[in-house]
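Work through the exercises below with the sequence and the model side by side, and try each task before reading its solution.

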Amino acid sequence: MQYPPSPFSLQHKATYQAARTVAPAVEAYFARKIASSEQEEMQKIPAPSREVIEAIIDSAFWASLRREEGLAPKISLAFLSPADVEQPVLFGHRMPLKPEALTKIAPGVERPGIHLGVWHDKGELYVWGITHAIPSNCFIVDVPEPGLLVVKYKRANSLGKFANVAVLKGDQIKLVDESSARLPDCPELLTSLLGFNSPDRHSNILIQLAVSMQMHHRGGTLLVVPAGTTAWQQSVVYPLKYAVEPAFSGFAELMKQDEQVKKRSRWREALRREVSSIAGLTAIDGATLLTDAYELLAFGVKIRRRIDYDPIEQILFTEPVVGSQPQTIHPSQHGGMRHLSAAQFVHDQHDAVALVASQDGSFTIFAWSQSKHMVHAHRIDTLLL
């Protein structure tokens with residue numbers, strides 16, 4: 001593949017090999033994304049050149065390995081001019097885009113939603129200040145932990161998770177494969193995470209729940225079943241130790257609010273609290289049961305095989321990463337009892353979806369594939385970081 005030449009030369013020379021390796025592909029991705037954007041609310045921001053991508057990733061990586069008062073930096077770098085955002089916090093003096101400078105400022109900008117703005121002048125990149133507002137399709141490098149970098153961008157008209165482009169961990173590179181969205185029976189949640197569409201209400205909530213489940217690092221299972229049905233009761237062990245009677249509808253009531261209410265910060269904060277509460281329950285041993293109308297039915301639920309149904313013997317496993325190939329495997333090859341029981345539940349309850357977080361950070365959506373007549377396991381942790 002031929003990539004367009006960079007529009008200018010930078011003095012920065014990357015020493016992180018993975019930065020040089022991934023830069024051309026990321027450059028091409030953002031060039032396509034921005035060129036095809038129908039963004040009208042503001043002038044399109046420029047696509048980053050491979051040299052810019054390489055330099056920002058390189059500086060972020062070496063900064064991630066440093067320490068400030070014994071703590072690793074957690075920062076987010078956004079490539080945009082201060083003219084591209086409203087009410088930027090401008091530094092009186094430009095800060096060089098160097099690991100030592102990024103490490104020093106990291107303690108003050110590590111909270112979610114805060115980005116260091118990076119721009120260029122006379123062949124050098126510099127940090128001009130801080131911004132909370134990010135335009136659509138802006139190139140971002142996020143540093144969640146030492147040696148781990150996530151290249152991402154903000155999806156248009158989305159309140160939820162940014163879309164990931166690539167994940168770098170040491171010398172390992174995972175490029176998100178957009179073609180995964182064309183798989184038969186691809187869940188709406190996955191197509192939204194891949195950035196192909198702005199999440200609808202349902203997929204946006206599931207994305208937020210998945211991210212929150214992953215954050216507690218205890219592992220957990222969330223079973224989403226059709227509202228108003230009872231078939232799921234044939235796939236769980238009774239009595240339910242933590243049944244919720246009547247079903248808790250606080251989450252559901254929030255989602256019934258009109259669109260004007262949903263635009264208010266108070267509503268968004270209430271939604272975050274509900275998401276955090278539901279996701280927290282998944283840390284308890286057993287599965288959490290939620291209807292697709294967002295009513296909480298139970299937690300700590302033990303899954304069992306449905307009477308007269310066969311044990312699940314195989315699943316289709318895919319990961320939306322360039323180079324990954326679909327595999328038909330036994331569920332035990334993908335994970336432990338948590339994954340096996342979730343796969344069995346979906347095998348027995350075709351209308352249900354299971355979201356499974358592992359303690360090691362992996363995350364899988366189990367859904368029934370009508371075209372393959374089997375459970376499809378979509379591993380999506382690369383998209384959730």
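Contact here means heavy atoms within 4.5 Å, and helices (H or I, at least four residues) and strands (E, at least two) are DSSP runs, numbered from the N terminus. This is a predicted model, in which local features need pLDDT of at least 70 and side-chain atom pairs count only at pLDDT 80 or more, while totals for chains, interfaces and linings use all residues. Residues are numbered from 1 along each chain as its sequence is written, and side-chain values use heavy atoms, with hydrogens and water left out.

**Exercise 1.** Find which elements the buried residues of α1 pack against.

Solution. Begin with the term buried, which means under 20% relative accessible area, with exposed over 50% and partly exposed in between (1.4 Å probe, protein chains only). In α1, the buried residues include V22, Y29, F30 and I34. The buried residues of this helix pack against α2, β6, β7 and β8.

**Exercise 2.** Describe the order of the strands in the open sheet, and name the strands at its edges.

Solution. Two strands pair if DSSP finds at least two bridges between them. By this rule eight strands form an open sheet of mixed pairing, in the order β2-β4-β3-β1-β5-β6-β7-β8. The edges are held by β2 (89–96) and β8 (172–175), each of which has a single partner strand, so one side of each is left without a neighbour in the sheet. Within the sheet, β5 (residues 140–145) and β6 (residues 148–153) run antiparallel and are joined by four bridges; in β6, K152 is the bridge partner of I140.

**Exercise 3.** Work out how α1 and α2 are directed relative to strands of the sheet.

Solution. Axes are lines fitted to C-alpha atoms, for helices over the stretch in contact, and angles run from 0 to 180 degrees between N-to-C directions. Helix α1 (residues 17–35) touches β6, β7 (163–169) and β8, and its direction makes about 175° with that of β7. Helix α2 (residues 50–64), by contrast, runs at about 15° to β5, and lies across β1, β3, β4, β5, β6 and β7.

**Exercise 4.** Is T221 buried or exposed, and which residues does T221 touch?

Solution. T221 belongs to strand β9 (residues 220–225). With a relative accessible area of 4%, T221 is buried. Not counting residues up to four places away in sequence, T221 touches M213, T282, G286, A287, T288, R338, A342, L355 and V356.
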